[in-house]
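Okay, thanks for coming, everyone. I'd like to walk you through one structure, so let me put it on the screen.

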Amino acid sequence: MSENASPENSVTETAAAVPPPVEDKGESLLRRHIASFFESVGATIGLVVLVVLVAAAFLAPLFAPQDPYDLATLSIMDNMLPPGERLETGMVALLGTDEQGRDMVSAILYGLRVSLIVGASSVLIAAIIGASAGVFAAYAGGRIESFVMRIVDLQLSFPAILVALILLAVFGRGVDKVILALVIVQWAYYARTVRGSALVEKRREYIEAARCLALPSSRLIFRHLLPNCLPPLIVVATVQIANAIALESTLSFLGVGVPVTEPSLGMLIANGYRYLLSGNYWISTFPGVALVIVIVAINLVGDRLRDVLNPRLSR
Amino acid sequence: MKKVFRPLVFAAVPLALMAATPVVAATLTIGLALEPTSMDPHFHNLAPNNAMRQHIFESLTQSDENQLTQPSLAVSWEPTGDTTWEFKLREGVTFSNGTPFTATDVIYSICRVPRVEGSPSSFTSFTRDIAGIEVPDETTIVFTTRAPSPLLPTNLASVAILSAEAFGGENVVFGADGCENAGTYPASTDFADPSVAVGTGPYKLVSFNPGDRITLTRNENYWGGDVEWENVILRGIPNPGARVAALLAEDVDVIETPPIQDFDQIRSRGFKIEQGLSNRVIYLHVDSGEAVPPGVSGTDGRNPFADVRVREAISKAINREAIIDRVMGGVAVAAGELLPWPLFGTSEDAEPDAFDPDRARELLAEAGFPDGFSVTLFTPNDRYINDERVAQAVAQMLARIGIRTSVDSMTASTFFSRRGQGDYGFWLAGWGAASGEMANPLLALTATRDTDAGTGLTNLQNYSNPELDALIAEARRTVDDDARRAILQRASKIAMDDYATIPLHFEVTPWAFKPNLSLTPRVDQYTLAMGITAAN
């Protein structure tokens, strides 16, 4: 991920320059940010697609043709049907069925839900832990800072996929365990990002002013320092959601992720992978397309957020 | 372009060969699914090793493609008493280094079996019964066993014969508690050296490069006459896709276990596929002990599996034909016993349990579970053919009769170590009977567990049936084949009627190979160059 500004993204707007203090003109700033966000067509499309997909995934139980996680409704006799064929129940499988007889439309919607839940919740938890650690380290300074940041360095020196594989081999399968593993491999990104911006903010006048008022440390950290470190955090978090979804898919593809009877997108792809050469393309392809769309949409939104929230780019 | 020429090439090859020699190609290259772990034939009792060593080392007896015991280095054998077996040795056999084969080599080999250092899975179970060895004359060897040992000839098929002279063991004296004058036994790693890996088999070792290939060449001193191939190359290609690709690119001539979903592609490219019934049964085990086993809930503190009606309901709820048709691609055979007919101790009329979900629901209700219960089915996901998918299909079928089943799958090493710790109440696994007769699976899977006596070693389901135990014990000391077969058939029927193990299907082993070859499938799933010939 590059932090450099690309020329077409630089907006000729004058606002949103030097950030703090946020509360003063929060309303108008937010409105300006929103307006600026929608100036990009790509980002707007990405956001719309994302909202539609999220809604479809979470409302899946209401309109999905089948509950693919209820084994009693599946029939092995329906397996590997090509798109458009009828199941034993008379239902038409628009995108075909997989090797266990799951309707692919339903399986993708439910799988998308698992992927989004894993992606969003792991990022949320990791961001909270990482941001707290980062802002605390920056505020405390000295040995505490060195100690926290060396742990972060240590964590970041291992490839995420390797650490997650080992953790899941120990924990076993399950959505909760995948989330835990992703939190462990991701919190360090947030810690480093937040510490960086907190170090800058720490030297600003408004913090000094707050210090002079002898405000308690907790208030200083959480009411003054942290809110002003949020913009970069939001950007990293948005991009990380896409990474987390891709990581979960990879883990499930490798057979250590979610339970086999409740497949996520990654597992659907893995299940169909061995049939690709045999002509049964639909089992891997459609979940793969769904995964690509989600990740591209999230990345479009994330990139635009970075541009909008980065004062150096909008000046 | 390639497609245009292919039929021409295939037409031309047989013509050219008819004119020349009956041997198609001097070199046979085999793509193995799993590479042997050592060239030492006594090191690791593992299918790839046991298959590999048969090219180089022979035994007194050998098991044929249906696992019936046949002569090899011994020409005949008979029991001369309850605890004695007399073997007549083949005359005129020499090792690949030219030294003659004698009874001393047999004694030396049996002496070494328990003395292999670092053996991960030893061959001692095949020699443990032997209490004494005598050599009345040069071609006769008499074994005395600790107890009646009807399986001794079968067991000796697993003991490779080394050359005593090659290791300075010419003066070895057998002792049941350790041999004398055996010299220093060779280390397992030494066998990678062709001058150490000396046997009487049809081939001899040229080189062993772990991770790449094993090269063999014809043994000119082989007693059995002509050997089909001048050179044999065995390459370990663990990835199934890569194995198929290697065959299609004609880098190898034969591959083991091509994936079922690739059959059409392999056939359409002109290659042949041969399938053989294996001795491996895929089965379900349920913890039938007193306590509610792990993974079971909704039973009011009762263990549902302790009730034979629940076990029967599970068996009847499973549509074995649907699993074979839809999951196994037709490449499996429904099982009604732990070994397929006509192996020793099986009955021709042992039919698989018929699919009858209505009766299964009735049985559940009679057992006091009209609303079913919840259970987790544990399964390995990389050990047996489509294991994880079979487990999911079973879970579907059980869900239909009210047993709410979730599937927990994991890699084989984790699966087996957790099973050993008693973490499971319900699991899917497989059993390949190395000896090819019914006493083996009955003893391992259904006999009451007693690690000291060596019974029920894989009966981790707390199953115990004294009547069955008595029959298995009787079969193990009956030397007369016909009597033993009848006892085993009766024992198998009792075990199946009590659902001591719920068999699903027998795996069928496929091989794919070039169209100008023919291959004899083996029940033990071994791939042997001796079983591959040029098709006429």
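**Interface, cysteines and a helix**

So, the contact between the chains (heavy atoms within 4.5 Å) takes 18 residues from chain A and 20 residues from chain B. Before I go on, the ground rules: this is a predicted model, where local features need pLDDT of at least 70, side-chain atom pairs count only at pLDDT 80 or more, and totals for chains, interfaces and linings use all residues. Residues are numbered from 1 along each chain as its sequence is written, chains are lettered from A and ligands numbered from 1 in the order in which they are written, and side-chain values use heavy atoms, with hydrogens and water left out.

Back to the interface. Together, chain A and chain B bury about 1,900 Å², meaning the accessible area (1.4 Å probe) that two parts lose on being put together, summed over both. Of that, 46% is on carbon and sulfur atoms.

How many salt bridges are there between chain A and chain B? Two, taking a salt bridge as a side-chain nitrogen of Lys or Arg within 4 Å of a carboxyl oxygen of Asp or Glu. E99(A) makes one with R389(B), and the closest N and O atoms there are 2.9 Å apart.

Now the cysteines. Searching the whole structure turns up one disulfide over all chains, where a disulfide is a pair of cysteine sulfur atoms within 2.5 Å. The pair is C111(B) and C179(B), with the sulfur atoms 1.9 Å apart. It links distant parts of the chain: C111(B) is in helix α3 (residues 103-112) of chain B, while C179(B) is in the loop between α5 (152-156) and β8 of chain B, 68 residues apart. Helices (H or I, at least four residues) and strands (E, at least two) are DSSP runs, numbered from the N terminus. The torsion about the S-S bond is about -90°, so this disulfide is left-handed. Both C111(B) and C179(B) are buried; buried is under 20% relative accessible area, exposed over 50%, partly exposed in between (1.4 Å probe, protein chains only).

C212(A) counts as exposed, at 68% relative accessibility, whereas C229(A) is buried, at 1%.

Last stop, helix α2 (residues 47-56) of chain B. Nine of its 10 residues are buried, so the helix is largely enclosed by the rest of the structure. Among them are P48(B), M52(B) and I56(B). The buried residues of α2(B) pack against β8 (203-209), β9 (213-218) and β10 (231-236) of chain B.
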